[in-house]
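Thanks for coming. Please have a look at it before I start.

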Amino acid sequence: MAAEEREEEMERKSVREKARLRLREFDVGDRFSHLPLPKASVLLPLMVRAGKLHLLLTVRSMQLRRSPGEVCFPGGKSEAIDKDEIDTALREAKEEVGLQPENVEVICRLVPGIDKMNYLVTPVVGFIEDTFQPIPNPDEVSNVFVVPLEYFVKPLNYQTVPYKTSSGYQGRMHSFTYDDPEHKMSFRIWGLTAHFAVFLALVIFRKRPTFEVGYDLDNLISSSENHFMHLYASVYERKKSNI
Ligand SMILES: CCCC(=O)SCCNC(=O)CCNC(=O)[C@H](O)C(C)(C)COP(=O)(O)OP(=O)(O)OC[C@H]1O[C@@H](n2cnc3c(N)ncnc32)[C@H](O)[C@@H]1OP(=O)(O)O
Ligand SMILES: [Mg+2]
């Protein structure tokens, strides 16, 4: 290995090691697994490219019934064969973009979110190699692209949009437009996907973003869990009153 390559390899390892340590502090493990909602998982695939962390994202096929054409992470609903949320994320990533589970270094599970169908969606963070060549399954995925993780704290094109869930919970959603130099295309990343990407960037970079977030950044762990519990309470109350 040439000296330059050796240096690059060492830099890659140190970027990964720093991120790994920060992520482990935020690992929720199976603490939310008992909640009585249908389950889904997404894989937040991190890679180091040109010395910087990047996230891999997909564009959903236009043929899908749910959220066609939207940007999301590889992922999907839990199936009976899945042992836990990590299994679901890895199985779905294999099905959707041809990522082999043995090529993912799983680091942690982060605080879940709730989607518009009231699924409990667990984000699983894992490292992949930057040499990974996705094989999109055309039934589910129409495109795959990568975004520097830093974009989710320091975007060039950002909006915040109001939303109200079916359970009556009101909030604001992040919406990023990313001009991808590789595909020479713009991608809009919003909603739950943007929410997970922002949280991941906050956990890893520990710096104040250039836009408002609904967290106390000095107490990110408790603040993110409180945020989720408010959302969950509103969904739970609604489900109870519908019984
Ligand atoms: C409250 C905020 C709400 C929002 O944020 S909306 C704004 C932006 N959108 C987002 O952020 C996307 C958020 N959603 C997601 O990430 C995903 O929908 C979520 C929650 C992880 C669930 O994963 P999905 O991908 O919907 O589920 P999935 O992968 O299990 O299945 C998708 C559909 O594909 C189908 N499918 C699976 N394998 C297939 C195959 N081999 N050939 C053809 N179709 C196949 C599967 O049946 C499913 O269809 P359906 O949804 O049941 O109609
Ligand atoms: Mg899916």
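Start with the second largest pocket, which holds about 220 Å³ of space. On definitions: the grid has a 1 Å spacing over the protein atoms alone, a pocket is an open set of points with protein on both sides within 12 Å along at least five of seven lines, and a cavity is a set where a 1.4 Å probe fits but cannot get out. A residue counts as lining if it has an atom within 4 Å of a point. Points are joined across faces, edges and corners, and the volume is the space filled by probe spheres set on them.

This is a predicted model, in which local features need pLDDT of at least 70 and side-chain atom pairs count only at pLDDT 80 or more, while totals for chains, interfaces and linings use all residues. Residues are numbered from 1 along each chain as its sequence is written, chains are lettered from A and ligands numbered from 1 in the order in which they are written, and side-chain values use heavy atoms, with hydrogens and water left out.

Back to the pocket. Its lining consists of V15, K18, A19, R22, G51, K52, L53, L149, E150, I204 and F205. The largest share, 4 residues, is from α1. By class the lining of this pocket has 6 nonpolar, 1 polar and 4 charged residues. The classes are: Ala, Val, Leu, Ile, Met, Phe, Trp, Tyr, Cys and Pro nonpolar; Asp, Glu, Lys and Arg charged; the others, Gly among them, polar.

E150 is partly exposed, with a relative accessible area of 27%; the cut-offs are under 20% for buried, over 50% for exposed and partly exposed in between, with a 1.4 Å probe and protein chains only. From E150 to L55 is 95 residues in sequence and 9.6 Å in space, C-alpha to C-alpha.

S14 is in helix α1 and is partly exposed at 35% relative accessible area. Its C-alpha atom is 22 Å from that of L43, 29 residues apart along the chain.

Next, the metal. Which protein atoms are donors of the magnesium ion (ligand 2)? They are G75 (O) and E96 (OE), lying 2.1 Å from the ion. G75 belongs to strand β4 (residues 75-77) and E96 to helix α2 (residues 85-97), so the pair ties together parts that are 21 residues apart in sequence. Donors are N, O and S atoms within 2.8 Å of the metal, or 3.2 Å for Na, K and Ca; water is not among the atoms, so sites may look incomplete. Both G75 and E96 are buried.

Among the residues lining the largest cavity are V28, F32, E85, R109 and T122. That lining divides into 5 nonpolar, 3 polar and 2 charged residues.

A50 has phi near 50 degrees, a positive value in a residue other than glycine. A50 is in the loop between β1 (39-49) and β2, and counts as exposed at 80% relative accessibility. K184 also has a positive phi, near 50 degrees. K184 lies in the loop between β10 (170-180) and β11 (185-190), and is exposed at 73% relative accessibility.

For contrast, is F145 buried or exposed? F145, in strand β8 (residues 141-148), is buried, with a relative accessible area of 1%.

Last, the whole chain. The protein chain has 4 helices and 11 strands, and buried residues make up 47% of its 243 residues. The C-alpha atoms fill a box of roughly 65 × 40 × 35 Å along the principal axes.

Conventions
Helix = DSSP H or I, 4+ residues; strand = E, 2+ residues; numbered from the N terminus.
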